Every structure is written in structure tokens, then in C-alpha cells.
Amino acid sequence: MQANLDDKLVIAISSRALFNLDDSHRVFQEKGEGAYHQYQIDHEEEILQPGVAFPLVKKLLALNKGAAKHPHVEVVLLSRNSADTGLRVMNSIRHYKLDVTRAAFTRGESPYPYVSAYGTNLFLSADPQDVRQSLEAGFAAATIYPGSVGANTSAQLRIAFDGDAVLFSDEAERVYRKEGLAAFNATETSAAKEPLTGGPFKNFLAALHRIQSDYPLEKSPIRTALVTARGAPAHERVIRTLRAWNIRIDEMMFLGGLEKGEFL
């Protein structure tokens, strides 16, 4: 029977987002591909330290516990390594007992074309160019800055979204940039009952919502938030849009232009 990922939340992730590859990447930058290739082979039995996105991947894969027959999440590795140099990455995946069985190794080429082939809902990469190409092709993608991270003890997966040009299209954002805040508020007030068009992260949020729907509200392993620079009166269109999409968001913060860092 042919396998497919149509009913799953599919997350594609690069090697440098999943693991800390700073040392080997430095070898590549300073000495070139040949030296990098040899470095990875010489160190392929050395387990890599977790990268920035490692805790996120652990929480996503934990959503499959108790759902062996119909797992919710599929994590796919998309790597600029060759399969030869990527063996160290796969050894590390096995060491940490991550249920990642699908991978694409492109030996220096951008892996972004395979985002579509895997039916990806979200692509996380340390390469801004790969992320930009994916976004331009209409897929949700985000840049993860390489590095190591400390322990993350919270069991719940918490994800915060921006609004315009992220969950929603940039139609309202274009009005703001071109005509200013007053015109933006006037447009959004007059169109309050017209749902916004979806942005690049709509399908990712919808996939999270499908998983949430399998759990009682008080026991959901996922909690979502919308943190937007919008304020009243532009809030109404957002609420009505999510209602029209039949998508729940647990928390909404309308900041009216305040900095988002403290809230996140």
C-alpha cells in the first residue's frame, strides 16, 4: 500500500535548525566543501548537540504518543548535506530516538523544491534564502538561527502567530504602508464582516487546529496565540475571519502598535 502524508501535520526541518552544526559549518566556510566532507566523516560517530528547533521537534513528535495507528505529525529532514556527510545527522537522530524516517539530502543545492513534494505545512531552516524561496512559493517557512539551547521543561506545545502577512494575507498591511494608520482602520472597519484572505501560515494553523480538535479543551497538548499590532477598531475583522475559517485560537493579543517581545 502506497504511503501518503495527506492527513498529517508535516514539518520539514534543516539539519542546522535541528542540531548545533556551528563547528562543521565553520569548517565549510573557512576551508571549503572538501574539508567539510572529511570533517563530517571523521566525526560521524560524535553525537551532535540539540539546536534551536530541537525542543519544538520533540514536542511535535510527542503528539504521536497514543496515536500509533494514526499519528498526527510527520517530521522530515531537508538537508544541504550529501547523504555521505549527512550520516552524522542521521546517527544523532537515532541517538535521541527521534521518529524521523524521511529525509532529502541535496549536497549544496537548496532543498526548498522538496517542501512541496512532501506536502509540508511548515519549513524551518537556518538558511534565509531557502525560507524566502519557500515563502515566495506560497509555503509557510521560518528562519531558525543556529545555536544550542538549554532545557525546556514545559510539556505543552505553544505557538504564537503574527496576523497580517502571516496568518492573513498582506492586503490590509499594504493599505497601512501606502496610506497610513487612519486609512487602515477605516478600511478594516468598513470591511469588518468580510473575511481576510489566508496568508502563508493559515494551513499550518489549520493543521494544528485539527489536532487540537481530538482533545478536550482543558487537556489539549497544543496552545495557540495571535499576537498582532492591530488594535480596535481593526480587531473585529480578525475575529470574524477566524470564525469564518472555523479555526480556534486560544489567546489573542491586540497590541495597538506596542512591542511584541514582552508578550511573547
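In this predicted model, W245 has a relative accessible area of 16%, so W245 counts as buried, the limit being under 20%. F168 is buried as well, with a relative accessible area of 0%. The rings of these two residues, F168 and W245, form a pair: their centres are 5.5 Å apart and their planes meet at 45°, so the pair is classed as tilted. W245 belongs to helix α11, whereas F168 sits in the loop between β6 and α8 (171-179), so the pair ties together parts that are 77 residues apart in sequence. The ring of W245 has a charged neighbour too: the charged end of K202 sits over this ring, 4.4 Å from its centre.

Four parallel bridges join β7 (residues 222-228) to β8. T228 has F254, in β8, as its bridge partner.

Next comes the nonpolar interior. In soluble globular proteins, nonpolar side chains tend to be buried together. The largest nonpolar core here has 47 residues, and L9, F19, L98 and F204 touch the most other members. Helix α10 (residues 202-212) supplies the largest share of this core, six residues. Apart from this core lies another one of ten residues, including A12, V76, L78 and A141.

F204 deserves a separate look. Setting aside neighbours within four places in sequence, F204 is in contact with L9, I11, N121, L122, I159 and F161. Both F201 and F204 are buried. Their rings also pair: the centres of F201 and F204 are 6.5 Å apart and the planes are at 70°, so this pair is edge-to-face.

How many aromatic pairs does the structure hold? There are nine aromatic pairs, and among them are the tilted pair of F168 and W245 and the edge-to-face pair of F201 and F204. Elsewhere, ring pairs link F19, F54 and Y96 into a cluster. F19 is also one of the residues that touch the most other members of the largest nonpolar core.

Methods:
Residues numbered from 1 in each chain as written. Predicted model: local features only at pLDDT ≥ 70, side-chain atom pairs only at ≥ 80, totals over all residues. Heavy atoms only, no water. Pairing = 2+ DSSP bridges. Helix = DSSP H or I, 4+ residues; strand = E, 2+ residues; numbered from the N terminus. Core = buried A, V, L, I, M, F, W, Y, C linked by side-chain atoms within 4.5 Å. Buried < 20%, exposed > 50% of the residue type's maximum accessible area, 1.4 Å probe, protein only. Contact = heavy atoms within 4.5 Å. Phe/Tyr/Trp six-rings, centres within 6.5 Å; stacked < 30°, edge-to-face > 60°. Lys NZ or Arg CZ within 6 Å of the ring centre and 35° of its normal.
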